[in-house]
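Below is a short report on a single model, written to be read alongside the sequence and the coordinates. It covers the sheet, the helices, a pocket and several individual residues.

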Amino acid sequence: MTDLAPLLASTGTMIAVVGATDTPGKYGGIIYRDLKSRGYRVLAVNPKRDLVDGDHSYPHLNALPSRPDIIDLVVPPPVGLQVAVEAVTLGYGNFWLQPGAESRELIAYLEKHDVPYLADACIMVSSRQLLRSPYPDSTP
């Protein structure tokens with residue numbers, strides 16, 4: 001496990017939110033919109049959506065226009081494992097496993113392939129603690 005939280009210190013960090021959605025009450029949408037509202041560069045990844053919060057949604061990691069700094073998983077563990085296999089093939093790393101997205105199999109796969117990851121921590125909570133302001137990159 002790796003501490004990825006320091007990557008959140010800059011709102012220039014690009015975060016791919018796998019499982020981003022517009023479905024009310026779903027964490028994929030809540031997290032996507034929260035990170036976006038704080039100024040992070042976010043990319044929606046969901047093969048079942050064309051748009052998320054008015055933004056283009058990409059069906060898979062290999063369709064992203066640029067390499068994300070963090071891949072935030074907000075999907076069930078079996079889907080997360082498929083995404084991890086794709087990420088390793090692409091040479092991507094830095095997985096943030098939202099609570100409920102982790103599994104022994106997924107973590108074992110990431111460790112086997114030396115992919116940095118953080119589990120059992122919410123990216124939304126961590127970003128709020130690091131920025132300590134509702135307005136990222138603002139001068140007090």
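## Central strands

Val18 has Leu73 of β5 as its bridge partner. The model is a predicted one, in which local features need pLDDT of at least 70 and side-chain atom pairs count only at pLDDT 80 or more, while totals for chains, interfaces and linings use all residues. Residues are numbered from 1 along each chain as its sequence is written, and side-chain values use heavy atoms, with hydrogens and water left out. Helices (H or I, at least four residues) and strands (E, at least two) are DSSP runs, numbered from the N terminus. Two strands are said to pair if DSSP finds at least two bridges between them.

Strand β1 pairs with β5 in the parallel sense over four bridges. With β2 (residues 41–45), β1 also pairs in the parallel sense, over five bridges; there Ala16 has Leu43 of β2 as its bridge partner. How many of the five residues of β1 are buried? Five of the five are, so β1 is largely enclosed by the rest of the structure. Buried here means under 20% relative accessible area, exposed over 50%, and partly exposed in between (1.4 Å probe, protein chains only). In a regular strand the side chains alternate between the two faces of the sheet. On one side of β1 are Met14, Ala16 and Val18, and on the other are Ile15 and Val17, all buried.

## The sheet as a whole

The sheet is open and has seven strands, in the order β3-β4-β2-β1-β5-β6-β7, with mixed pairing. The edge positions belong to β3 (51–52) and β7 (117–119), each with a single partner strand, so one side of each is left without a neighbour in the sheet. Strands of a sheet pair through backbone hydrogen bonds, either parallel or antiparallel.

In β5, Ile70 and Asp72 point one way and Ile71 and Leu73 the other way, and all are buried. Strands β5 and β6 run parallel and are joined by three bridges; Asp72 has Trp96 of β6 as its bridge partner. Strand β6 (residues 95–97) in turn pairs with β7 in the parallel sense over three bridges, with Leu97 standing opposite Ala119 in β7.

## Helices

Helix α2 (residues 77–90) lies across β1 (14–18), β5 (70–73) and β6, and runs at about 165° to β5. That angle is taken between N-to-C directions on a scale from 0 to 180 degrees, with axes fitted to C-alpha atoms, for helices over the stretch in contact. In α1, the buried residues include Gly28, Gly29, Ile31 and Tyr32. Just after α1, Gly39 takes a positive phi of about 95°.

Ser126 belongs to helix α4 (residues 123–131) and is buried, with a relative accessible area of 13%. Neighbours within four places in sequence aside, Ser126 is in contact with Leu8 and Trp96, where contact means heavy atoms within 4.5 Å.

## The largest pocket

The largest pocket holds about 450 Å³ of space. A pocket is an open set of points on a 1 Å grid over the protein atoms alone, where a 1.4 Å probe fits, with protein on both sides within 12 Å along at least five of seven lines; lining residues have an atom within 4 Å of a point. The volume is the space filled by probe spheres set on the points, which are joined across faces, edges and corners.

Which of the 21 lining residues are closest to the centre of the largest pocket? They are Val18, Gly19, Pro47, Val75 and Val79. Helices α1 (27–37) and α2 each supply at least two residues of the lining, and the largest share, four residues, comes from α2. The lining divides into 11 nonpolar, seven polar and three charged residues. In this division Ala, Val, Leu, Ile, Met, Phe, Trp, Tyr, Cys and Pro count as nonpolar, Asp, Glu, Lys and Arg as charged, and the others, Gly among them, as polar.

## Loop residues

Asp53 lies in the loop between β3 and β4 (55–58). Asp53 is not a glycine, yet has a positive phi of about 55°; at 30% relative accessibility it counts as partly exposed. Asp114, in the loop between α3 (104–112) and β7, has a positive phi of about 55° although it is not a glycine. At 67% relative accessibility, Asp114 counts as exposed.

Lys26 is found in the loop between β1 and α1 and counts as partly exposed at 49% relative accessibility. The C-alpha atoms of Lys26 and Ala63 are separated by 23 Å, with the two residues 37 apart along the chain.
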